[in-house]
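Please keep the sequence and the structure in view while reading.

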Amino acid sequence: MKRHPLATLLLSLVTLLAFVLLYGPIFIPIVTSFFTVKYGSVDWSQINLDAYAKLTENDGVIEAVENTFIVGLSAVAASLVLGTGIALHCNSGKSRLRSLLQFVVFLPFLMPPIITGLSLLIFFREVSIDRSMLTIIIGHTVFVLALVYRTILVRLQGIGFSMIEASYDLGASAPQTFFYVLLPNLKSALIGAGILAFALSFDETMITLLVTGTQNTLPLRLWAMMRLGFTPDINALVAIILALTTVLVLIAARYLIPKDLAGA
């Protein structure tokens with residue numbers, strides 16, 4: 001059925017309007033970060049990188065970046081180990097508590113972050129664990145574990161049992177089967193899941209706010225800076241966070257999308 005040109009034009013305009021409303025506010029801080037802002041007005045006459053240079057001189061921002069990478073990389077490492085172990089256990093088909101285990105893994109990810117953060121805060125208080133970098137890492141690991149677990153489980157289900165059974169038939173032990181058969185086939189899933197987990201950890205704010213001690217991550221530092229008003233260095237920091245997150249997601253998609261679909 002041939003679509004009327006007027007209907008096509010109207011649909012295009014609605015799509016464009018939705019795109020502008022959704023993504024327009026994202027580009028505003030990115031664009032203004034390259035110009036000087038004085039007394040609430042933007043000087044469009046000259047592009048400069050003063051806001052980005054100012055960030056490099058901010059010790060609080062540099063410390064927050066370091067903390068963010070420490071927390072993110074630690075959470076990724078922990079979630080990959082735990083997620084892989086749980087996925088292997090559930091994929092074996094021998095677990096009677098598989099549904100309960102999956103429920104426990106997915107619950108912190110599906111609940112509102114404020115509920116997850118409050119639950120962790122109460123838990124840490126009850127077991128007398130002081131809030132610190134460790135509690136932030138635990139909180140981020142609990143949050144991203146579901147993503148890592150599901151990604152690896154899907155890849156395991158795609159591999160099937162034939163190669164595993166063939167490995168055992170040829171006399172390989174369980175560790176040999178994992179390192180020489182499963183791990184090479186899980187490589188892209190592990191890389192993609194790790195990158196996505198880091199992107200989620202990099203942006204996480206609410207859980208971090210509730211379980212942190214005196215340490216700041218980059219989103220918390222940005223939140224504190226915004227309370228004093230929007231300045232060019234804040235816009236530059238927003239631009240950096242958005243750019244890094246976008247790049248991480250694109251790289252993760254490169255590893256997670258099947259090659260036949262990626263090349264289509």
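Leaving aside neighbours within four places in sequence, Leu 222 is in contact with Ile 234, Leu 237, Val 238 and Ile 241. The model in which these contacts are found is a predicted one.

**Leu 222 and Ile 241**

- Leu 222 belongs to helix α10, whereas Ile 241 is placed in helix α11.
- Leu 222 has a relative accessible area of 12%; because the limit for a buried residue is under 20%, Leu 222 counts as buried.
- Ile 241 is also below that limit, with a relative accessible area of 9%, and is therefore buried.
- Beyond its neighbours within four places in sequence, Ile 241 is in contact with Phe 202, Asp 203, Leu 218 and Leu 222.
- The C-alpha atoms of Leu 222 and Gly 158 are separated by 41 Å, and these two residues are 64 apart along the chain.
- Ile 241 and Ile 138 are 103 residues apart along the chain, and 22 Å separates their C-alpha atoms.

**The largest nonpolar core**

- The largest nonpolar core has 49 residues, and those touching the most other members are Tyr 149, Ile 152, Leu 156, Leu 186, Leu 218 and Leu 237.
- Two or more residues of this core come from each of α2 (50-56), α3 (59-91), α5 (113-126), α6 (133-159), α8 (174-203), α9 (206-211), α10 (218-226) and α11 (232-256).
- The element that gives the most to this core is α6, with 13 residues.
- Leu 156, one of the core residues named above, is in contact with Ala 87, Leu 88, Asn 91, Leu 182 and Leu 186, when its neighbours within four places in sequence are left aside.

- Apart from neighbours within four places in sequence, the residues in contact with Thr 177 are Ile 164, Ser 167, Tyr 168, Ala 172 and Leu 182.

**Two kinked helices**

- Helix α1 (residues 5-32) has 28 residues; the distance from its first C-alpha to its last is 38 Å, close to the 40 Å expected at 1.5 Å a residue.
- Where is the kink in α1? A kink of about 45 degrees lies at Tyr 23, shortly before the proline Pro 25.
- Helix α4 (residues 98-110) has 13 residues and should span 18 Å at 1.5 Å a residue; the end C-alpha atoms of α4 are 18 Å apart, so the two values agree.
- In α4 there is a kink of about 25 degrees at Val 104, shortly before the proline Pro 108.
- Gln 102, Val 105 and Pro 108 are buried in α4.
- An α-helix has 3.6 residues a turn, so residues three or four places apart point the same way.
- The cover over the buried residues of α4 includes α3, α5 and α6.

**Charge and exposure at the surface**

- How many salt bridges does the structure hold? The structure holds one salt bridge, in which the side chains of Arg 125 and Glu 126 meet at 3.3 Å, N to O.
- Side chains of opposite charge can pair when their charged atoms come close.
- Arg 125 is exposed at 59% relative accessibility, and Glu 126 is exposed with a relative accessible area of 55%.
- Ser 128 is placed in the loop between α5 and α6, and at 63% relative accessibility Ser 128 counts as exposed.
- The phi angle of Ser 128 is near 60 degrees, a positive value in a residue other than glycine.

**The protein as a whole**

- The secondary structure comes to 12 helices and two strands, in the order α-β-β-α-α-α-α-α-α-α-α-α-α-α along the sequence.
- The radius of gyration of the protein is 23 Å, whereas a compact globule of 264 residues would have one near 18 Å.
- The C-alpha trace spans about 75 × 65 × 30 Å along its principal axes.
- Of the 264 residues in the protein, 34% are buried.
- Among contacts between residues at least 6 apart in sequence, 73% join residues at least 24 apart.

How values were computed:
Residues numbered from 1 in each chain as written. Predicted model: local features only at pLDDT ≥ 70, side-chain atom pairs only at ≥ 80, totals over all residues. Heavy atoms only, no water. Salt bridge = Lys/Arg side-chain N within 4 Å of Asp/Glu carboxyl O. Buried < 20%, exposed > 50% of the residue type's maximum accessible area, 1.4 Å probe, protein only. Core = buried A, V, L, I, M, F, W, Y, C linked by side-chain atoms within 4.5 Å. Helix = DSSP H or I, 4+ residues; strand = E, 2+ residues; numbered from the N terminus. Contact = heavy atoms within 4.5 Å. Expected span 1.5 Å × (residues − 1). Bend = angle between axes of the 7 residues up to and from the residue. Rg over C-alpha atoms; globule rule 2.2 N^0.38 Å.
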